[in-house]
Amino acid sequence: MLIDTHCHLDAAEFAFDRSLVIARARAAGVEGFVVPAVTAAGFDGLNTLADMTPGVARAFGLHPMFIGSACPDDLDCLERQLQRNDVVAVGEIGLDGFVPEPDMSRQQTWFEDQLQLAKRHDLPVILHVRKAVAPIIEALKRVGVSGGIAHAFNGSRQQADQLTALGFKLGFGGTVTFEGSRRIRALAAELPLDAIVLETDAPDIPPAWDRGGRNEPANVARVASEIARLRGLDVATVIAATGRNALAVLPRLGDVLAAG
């Protein structure tokens, strides 16, 4: 099963042709789309999209780049959403060490508050880890959650091993298609296959063949092909393994996809 474990189909960039984007993805073989919310203001829109679109699984979280404008009521709103039986994860949550604002202290507070919610509801988490893998691992060890996905993983092999030991899969997408992304391509080639899931982060992180354009979930099929090439495997093997990995790390995902 070909699954895009991280795409923002609810984003404004898809407002004018969302149905066509989804149709192109299905034509490319994509059967499942995990869509993580990034702000409380987007929760209702994500619910509407998932209710109307078979194969779309919802996750709810408050993204670190947007918590500068978040308020305490947003955590209450998040917890109400997490009471749904069809929520597959808490996310997109985490830390971003690239942006100067919001500062890391504020990010850390909101991240750990959301980890506590994930623990309370026994849900996996979808992590934003840009230039912040080490403090994220420290927080995961402090709080303890039931695994999840490190989206757009960009850390070291040692950090990859630490995350997998904590029950996480590592997301690989458009970055792996660039010849210059040597460390990420090496990880995609050398990590155990059961550690990897596929993603696009659409509309962001476009692949090498569409640099500067709008990314789409259909591109996850070619990401699978590139990882298969790097590993010396046939693409069907990579698609089957990464699909199993996604279903294993997001236990409710199979039910959501079956219901669609």
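**Labels and their cut-offs**

User: Where is Pro203 found?

Analyst: Pro203 is in the loop that runs between S8 and H8. Those names come from DSSP runs counted from the N terminus: a helix is H or I over at least four residues, a strand is E over at least two. Residue numbers start from 1 along each chain as its sequence is written. One caution: this is a predicted model, local features need pLDDT of at least 70, side-chain atom pairs count only at pLDDT 80 or more, totals for chains, interfaces and linings use all residues, and side-chain values use heavy atoms, with hydrogens and water left out.

User: Why is Pro203 called buried?

Analyst: Its relative accessible area is 9%. Buried means under 20%, exposed means over 50%, and partly exposed is what's in between, using a 1.4 Å probe and protein chains only. At 9%, Pro203 is therefore buried.

User: What does Pro203 touch?

Analyst: Leaving out residues up to four places away in sequence, Pro203 touches His8, Ala11, Glu13, Phe14, Gly213, Arg214 and Asn215. Touching, or contact, needs heavy atoms within 4.5 Å. Asp113, by comparison, is 90 residues from Pro203 in sequence and 28 Å from it C-alpha to C-alpha.

User: And which residues is Asp194 in contact with?

Analyst: Lys169 and Asn245, once neighbours within four places in sequence are set aside. Asp194 is in the loop between H7 and S8.

User: How do you know that the length of H8 agrees with a helix?

Analyst: The expected span is 1.5 Å times one less than the number of residues. H8 (residues 220-231) has 12 residues, so it should span 16 Å, and its end C-alpha atoms are 16 Å apart.

User: Which residues of H8 are buried, and what covers them?

Analyst: Val220, Ala221, Val223, Ala224, Glu226, Ile227 and Ala228 are buried. The cover over them includes strands S1 (2-4), S2 (30-36), S7 and S8 (196-198), along with helices H7 (182-190) and H9 (235-249).

User: What makes a set of residues a nonpolar core?

Analyst: The members are buried Ala, Val, Leu, Ile, Met, Phe, Trp, Tyr and Cys residues joined through side-chain atoms within 4.5 Å. In the largest core there are 70 residues, and Leu9, Phe33, Leu115, Val125, Leu127, Leu163 and Phe172 touch the most other members. Apart from it lies another core of 15 residues, including Ile126, Val197, Val249 and Leu253.

User: Which residues line the largest pocket?

Analyst: There are 43 of them, with His8, His63, Glu92, Asp201 and Asp204 lying nearest its centre. They divide into 21 nonpolar, 14 polar and 8 charged. Here Ala, Val, Leu, Ile, Met, Phe, Trp, Tyr, Cys and Pro count as nonpolar, Asp, Glu, Lys and Arg as charged, and the others, Gly among them, as polar. H2 gives the most to this lining, with 4 residues.

User: What lines the second largest pocket?

Analyst: It has 13 lining residues, and nearest the centre are Arg58, Asp86, Asp255, Val256 and Ala259. H10 gives the most to that lining, with 3 residues.

User: What stands out about the backbone at Glu92 and Lys131?

Analyst: Most residues other than glycine have a negative phi, and most peptide bonds are trans. A cis bond joins Gly91 and Glu92, with omega about 20°, and Glu92 belongs to strand S4 (residues 87-94). Another cis bond runs from Glu101 to Pro102, with omega near -5°. Lys131 isn't a glycine, yet its phi is near 50°.

User: Why is Lys131 called exposed, and Ala152 partly exposed?

Analyst: Lys131 has a relative accessible area of 60%, so it's exposed. Ala152, at 25%, is therefore partly exposed. Ala152 also has a positive phi, about 50°.

Conventions: On a 1 Å grid over the protein atoms alone, a cavity is a set of points where a 1.4 Å probe fits but cannot get out, and a pocket is an open set with protein on both sides within 12 Å along at least five of seven lines; lining residues have an atom within 4 Å of a point.
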